[in-house]
Amino acid sequence: AAKDQGRNRFHYFTPSMQEEARYRMVLIRDLRKAVKQQEFEVYYQPIIDLTNEQVYKAEALIRWHHPERGLVSPAEFIPIAEDTGLIIDIGNWVFEQAAMQSAAWREKFGVEIQISINKSPIQFRDEGDSFENWIIKLQELNLASNGICVEITEGLLLDASMGVSEKLLAYRDAGIQVSLDDFGTGYSSLAYLKKFDIDYLKIDQSFTRNLESDPNDATLCEAIIVMAHKLGMKVIAEGVETKEQQQILSAAGCNYGQGYLFSKPVPYAEFEAKYLKTSEQRQHDKATS
Ligand code: C2E
Ligand code: MG
Ligand code: MG
Ligand code: MG
């Protein structure tokens with residue numbers, strides 16, 4: 001028994017760890033069920049062009065409606081989906097939903113909203129992962145390939161083993177854009193910015209959060225923006241929550257903002273109602289203004 005192997009070892013196996021392991025197993029079981037029974041929904045958060053406050057981009061963010069526990073945060077279940085490989089099916093599903101949504105919005109409103117999709121390193125590592133399937137889907141929907149943007153994180157760029165370089169080049173050739181998410185929180189080797197063809201840098205919300213009060217954060221944001229522009233990238237600031245943050249970012253030349261100041265991630269119907277207008281609505285607005 002554990003107790004016979006010495007006090008220390010016994011001490012390590014606390015009930016809370018046992019509980020945690022149990023909880024995890026239950027979550028894994030529920031997640032498998034969720035994939036089968038389609039308990040997921042894609043929310044959309046607008047990405048605002050800071051020069052004119054228009055919305056032509058959105059980030060797709062998955063939501064899980066657990067039958068008993070209600071909404072479960074992706075921060076909680078995405079790591080488990082990655083560990084179990086379920087992220088492959090989930091990721092493909094999110095892609096399909098986002099692509100179909102973009103096509104539906106173009107039909108209904110005559111605008112093409114570029115939708116960003118988070119792609120986990122586990123998806124890149126999967127042998128069956130093929131961007132060709134995505135290209136085919138986009139062609140089926142008659143969507144321009146830059147209608148989709150793939151969000152990756154810095155950690156992925158460190159891993160040379162899964163042909164990341166080749167895949168990113170293939171995306172580039174196919175016209176799919178690439179964003180570097182959570183910039184500044186990972187390994188942030190600047191060499192990667194030179195080596196890989198990246199379209200957008202997303203400044204992590206930890207830099208935006210104290211922008212008004214911490215001059216160091218403002219300096220870092222400004223430096224990131226200047227560097228990105230000189231390297232031919234555009235910049236998206238995440239986690240913009242106040243007007244003052246928006247102003248500081250705009251003054252520094254930041255291209256886009258995303259955050260609660262503009263909107264939380266919302267279901268597609270709410271996104272439509274808030275940000276999209278049919279040509280009849282636009283004409284009506286013009287006539288009555
Ligand atoms: P992320 O890709 O960095 O997404 C941004 C997160 O910041 C989202 O959290 C969003 O709701 C939140 N956020 C946006 N504006 C603000 C703000 O002004 N203030 C604050 N405090 N938060 C803000 P969410 O939706 O909970 O997602 C968390 C993470 O889960 C994402 O971080 C992403 O890494 C992952 N994730 C979400 N959906 C997917 C997916 O479909 N596939 C994969 N692989 N990962 C996903
Ligand atoms: Mg993201
Ligand atoms: Mg992020
Ligand atoms: Mg993140």
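**Figure 1. Protein donors around the magnesium ion (ligand 2) in the predicted model.** Four residues supply the donors: Glu59 (OE), Asn118 (OD1), Glu151 (OE) and Asp181 (OD). These donors lie 2.0 to 2.2 Å from the magnesium ion (ligand 2). Along the sequence, the donor residues follow the spacing E-x58-N-x32-E-x29-D. Distant parts of the chain are linked here, with glutamate 59 in strand S2 (residues 54–66) and asparagine 118 in strand S4 (residues 114–118), 59 residues apart. Glutamate 59 counts as buried because its relative accessibility is 3%. Asparagine 118 has a relative accessible area of 33%, so it is classed as partly exposed.

**Figure 2. Protein donors around the magnesium ion (ligand 3).** The donors are Asp181 (OD), Asp182 (OD) and two OE entries from Glu238, lying 2.0 to 2.4 Å from the magnesium ion (ligand 3). In sequence, the donor residues are spaced D-D-x55-E. Aspartate 181 belongs to strand S6 (residues 177–183), while glutamate 238 sits in the loop between strand S8 (234–237) and helix H12 (243–251); the two are 57 residues apart. Both aspartate 181 and glutamate 238 are buried.

**Figure 3. Aspartate 181 between two magnesium ions.** Aspartate 181 bridges the magnesium ion (ligand 2) and the magnesium ion (ligand 3). The two ions lie 4.1 Å apart.

**Figure 4. The surroundings of ligand 1.** Ligand 1 is surrounded by 21 residues, of which Arg63, Asn118, Asp181, Glu241 and Tyr260 are the closest. A nitrogen atom of ligand 1 lies 3.1 Å from a polar side-chain atom of glutamine 45. The side chain of asparagine 118 has an N or O atom 2.9 Å from an oxygen atom of ligand 1. For the side chain of glutamine 205, an N or O atom is 3.0 Å from an oxygen atom of ligand 1. On its own, ligand 1 has 800 Å² of accessible area, and the protein covers 82% of it.

**Figure 5. Glutamine 258 and its contacts.** Glutamine 258 is found in the loop between strand S9 (256–257) and helix H13 (268–275). Its relative accessible area is 2%, and therefore glutamine 258 is buried. Leaving out residues up to four places away in sequence, glutamine 258 touches Gln45, Pro46, Ile47, Glu59, Lys202, Ile236, Ala237, Glu238, Gly239 and Val240.

**Figure 6. Leucine 168 in the largest nonpolar core.** In soluble globular proteins, nonpolar side chains tend to be buried together. The largest nonpolar core here holds 76 residues, and Phe40, Ile152, Leu157, Leu168 and Tyr171 touch the most other members. Helix H4 (residues 87–109) provides the largest share of this core, 10 residues. Leucine 168 touches Phe124, Ile152, Leu157, Val178 and Phe196, with residues up to four places away in sequence not counted. Another core, of 5 residues, lies apart from the largest one and includes Ile47, Cys149, Ile236 and Tyr256.

**Figure 7. The protein chain around these views.** The secondary structure consists of 14 helices and 9 strands. Along the principal axes, the C-alpha atoms fill a box of roughly 80 × 45 × 40 Å. The chain has 289 residues, 44% of them buried. Of the contacts between residues at least 6 apart in sequence, 67% join residues at least 24 apart. The accessible surface of the protein chain is about 15600 Å², with 51% belonging to carbon and sulfur atoms.

Conventions: Residues numbered from 1 in each chain as written. Chains lettered and ligands numbered in written order. Predicted model: local features only at pLDDT ≥ 70, side-chain atom pairs only at ≥ 80, totals over all residues. Heavy atoms only, no water. Core = buried A, V, L, I, M, F, W, Y, C linked by side-chain atoms within 4.5 Å. Buried < 20%, exposed > 50% of the residue type's maximum accessible area, 1.4 Å probe, protein only. Helix = DSSP H or I, 4+ residues; strand = E, 2+ residues; numbered from the N terminus. Contact = heavy atoms within 4.5 Å. Donors = N, O, S within 2.8 Å, 3.2 Å for Na, K, Ca; no water. Near = heavy atom within 4 Å. Polar contact = N/O pair within 3.5 Å; in protein donor to acceptor, adjacent residues only side chain to side chain. Areas by Shrake-Rupley, 256 points an atom, 1.4 Å probe, with all protein chains shown as cover.
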